[in-house]
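Reader: Before we begin, could you take me through the terms used for this model and set each value against its cut-off?

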Amino acid sequence: MSAEGERSTLDGNAAGGLLREVFAFDATVAPTTCVGCGRTRPMAELMLYAIELGAILRCPSCDQPVVRIGRTSRGLWLDLRGATTVVAADPATP
Ligand SMILES: [Zn+2]
């Protein structure tokens, strides 16, 4: 690990292993904190609003759009601007 303040000159490929860990989890059980009200709940407890190209998951407490998923001809788009944090379970933890 580098000293605080040092900057890495590597691109995102260097974090490939970490990114695979982060994005290979069951998101439905991931504790997700709403940016609107600060409540944390599993992503499965958000309210689904299906749209033609994907889904919008809204906070049941404050109606904030927390997760937006869209499918286009260019791929899947994930917008997590409505979430302060999404916690993926560590696969190394029993
Ligand atoms: Zn909320």
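Author: The four donor atoms around the zinc ion subtend angles of 99 to 116 degrees, so the arrangement is tetrahedral, a term that requires all angles of four donors to lie between 85 and 135 degrees. For orientation, the ideal angle for four tetrahedral donors is 109.5 degrees. This is a predicted model, in which local features need pLDDT of at least 70 and side-chain atom pairs count only at pLDDT 80 or more, while totals for chains, interfaces and linings use all residues. Residues are numbered from 1 along each chain as its sequence is written, and side-chain values use heavy atoms, with hydrogens and water left out.

Reader: What makes Cys34, Cys37, Cys59 and Cys62 donors of the zinc ion?

Author: Donors are N, O and S atoms within 2.8 Å of the metal (3.2 Å for Na, K and Ca), and water is not among the atoms, so sites may look incomplete. The SG atoms of Cys34, Cys37, Cys59 and Cys62 coordinate the zinc ion at 2.3 to 2.4 Å. Along the chain these donors have the spacing C-x2-C-x21-C-x2-C. Distant parts of the chain are linked by the pair of Cys34, in strand β1 (residues 31-34), and Cys62, in the loop between β4 and β5, which lie 28 residues apart.

Reader: Why is Cys34 called buried, and why is Cys62 called partly exposed?

Author: Buried means under 20% relative accessible area and exposed over 50%, with partly exposed in between (1.4 Å probe, protein chains only). Cys34 has 3% relative accessibility and therefore counts as buried, whereas Cys62, with a relative accessible area of 34%, is partly exposed.

Reader: How do you know that β4 and β5 pair?

Author: Two strands pair if DSSP finds at least two bridges between them, and strand β4 (residues 54-58) and strand β5 (residues 65-72) have five bridges, in the antiparallel sense. Ile56 has Arg68 in β5 as its bridge partner, and Arg68 stands opposite Asp79 in β6. Five bridges also join β5 to β6, again antiparallel, and the hairpin between β5 and β6 passes through two residues. The hairpin of β4 and β5 has six residues between the strands, and there Asp63 takes a positive phi near 70 degrees.

Reader: Where is Leu80 placed, and what makes Leu80 partly exposed?

Author: Leu80 lies in the loop between β6 and β7 (83-86). Its relative accessible area is 33%, so Leu80 is partly exposed by the cut-offs already given.

Methods: Helix = DSSP H or I, 4+ residues; strand = E, 2+ residues; numbered from the N terminus. Tetrahedral: all angles 85-135°; square planar, octahedral: opposite > 155°, others 65-115°.
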